[in-house]
Amino acid sequence: MGVVNVTADSFYDGGRYLKPERAIAHAMDLVAQGADLIDIGGESTRPGSHPVGEQDELDRVLPVIRELAGLVSIPISIDTTKSRVAQCALDHGASIINDVSALRRDPAMASVIAHSGAAVVLMHMQGTPQTMQLAPSYADVRSEVVRFLEERMQHALNAGIARTNIILDPGFGFGKLEFHNLELLRGLSSLTTLNRPLLVGLSRKAFIGTIVRKTVEHRAWGTAAAVALAVNRGARILRVHDVAMMRDVATVAAAASHGWPSNGEGR
């Protein structure tokens with residue numbers, strides 16, 4: 001899943017693709033690199049970020065989605081917590097709602113998704129983007145994330161969202177300190193018991209920077225290590241900034257860990 005942030009303040013690429021033409025060109029480059037999905041967001045959810053008004057978010061993402069939908073055949077995801085933004089994005093060609101609030105922020109979101117037949121990503125987050133890194137605390141981060149995702153999945157099912165349309169995201173970096181993220185990565189396979197595809201967003205995250213002692217611009221290799229481990233432990237969708245590199249990482253990790261894809265080489 002290639003990331004296109006049409007924002008001014010995202011932690012890595014904020015401001016680079018705020019103009020629609022630049023965002024569209026970047027999305028097309030990610031597709032050329034081998035992206036299987038494109039995730040478009042108009043509101044940063046980095047720690048301490050400020051909320052964006054509904055109309056501002058629409059003004060940012062709709063021109064990009066509308067144009068991109070006519071240019072690519074792969075699914076387009078809208079990264080939003082607002083039901084109106086989600087509905088407008090679906091009307092203009094998106095087919096996945098990536099909701100970091102896991103349907104908690106906007107009561108109408110579940111209904112929009114259920115009636116549209118769209119897929120949804122439900123993500124774990126402790127707190128809000130404004131507060132999540134102030135003092136996150138867990139008795140057992142793995143079991144708490146599993147319980148949260150179980151509860152939010154049941155909420156989605158009760159709202160009429162098809163089980164086959166649900167994707168789960170443990171929320172690396174969202175209300176988690178370095179050791180929480182590492183514990184979650186070590187035990188990621190425990191989330192596979194929920195029997196839904198796992199999406200992970202590890203790309204250039206702060207905890208990787210803390211480990212390798214590098215700024216966000218120089219975290220690609222650290223990200224590669226985390227991505228390989230995540231694939232080995234059950235991740236099936238990788239939300240990344242560096243598509244070509246991480247696609248190679250994921251392909252080798254999947255072949256070594258799970259034996260797929262296989263073209264029979266060496267037989």
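In helix α3 (residues 83–91), the residues Ser83, Val85, Ala86, Cys88, Ala89 and Leu90 are buried, where buried means under 20% relative accessible area, exposed means over 50% and partly exposed lies in between (1.4 Å probe, protein chains only). Helices (H or I, at least four residues) and strands (E, at least two) are taken here as DSSP runs, numbered from the N terminus. This is a predicted model, in which local features need pLDDT of at least 70 and side-chain atom pairs count only at pLDDT 80 or more, whereas totals for chains, interfaces and linings use all residues. Residues are numbered from 1 along each chain as its sequence is written, and side-chain values use heavy atoms, with hydrogens and water left out.

The buried residues of α3 pack against α2, β3, β4 and α4 (109–116), contact meaning heavy atoms within 4.5 Å. Just after α3, Gly93 takes a positive phi of about 125°.

Two of these partners, β3 (residues 76–79) and β4, run parallel and are joined by three bridges; strands count as paired if DSSP finds at least two bridges between them. Within this pairing, Ser77 stands opposite Ile96 in β4. From strand β4 (residues 96–99), Ile96 and Asn98 point one way while Ile97 and Asp99 point the other way, and all are buried. A parallel arrangement also holds for β5 (residues 119–123) and β6, which four bridges join, with Leu122 standing opposite Leu168 in β6. In strand β6 (residues 166–169), Ile166 and Leu168 point to one side and Ile167 and Asp169 to the other, and all are buried.

Not counting residues up to four places away in sequence, Ile40 touches residues including Val4, Val6, Val61, Ile76 and Ile78.

How do helices α5 and α6 pack, and at what angle? Helix α5 (residues 141–158) meets helix α6 (residues 178–186) at an angle of about 70°, with their axes 9 Å apart; axes are lines fitted to C-alpha atoms, for helices over the stretch in contact, and angles run from 0 to 180 degrees between N-to-C directions. That makes α5 roughly perpendicular to α6, since angles of 65 to 115 degrees are classed in this way, those under 35 as roughly parallel, those over 145 as roughly antiparallel and the rest as oblique. The contact is made by Val141, Arg142 and Val145 of α5 together with His180, Glu183 and Leu184 of α6.

Most residues other than glycine have a negative phi, and most peptide bonds are trans. Ala102, found in the loop between β4 and α4, has a positive phi near 55° and is buried, with a relative accessible area of 0%. Arg213, in the loop between α7 (206–212) and α8 (220–232), likewise has a positive phi, of about 60°, but counts as exposed at 77% relative accessibility. Thr45, in the loop between β2 (38–41) and α2 (54–69), is buried at 17%, and, leaving aside neighbours within four places in sequence, is in contact with Val100, Pro129, Met132 and Phe174.
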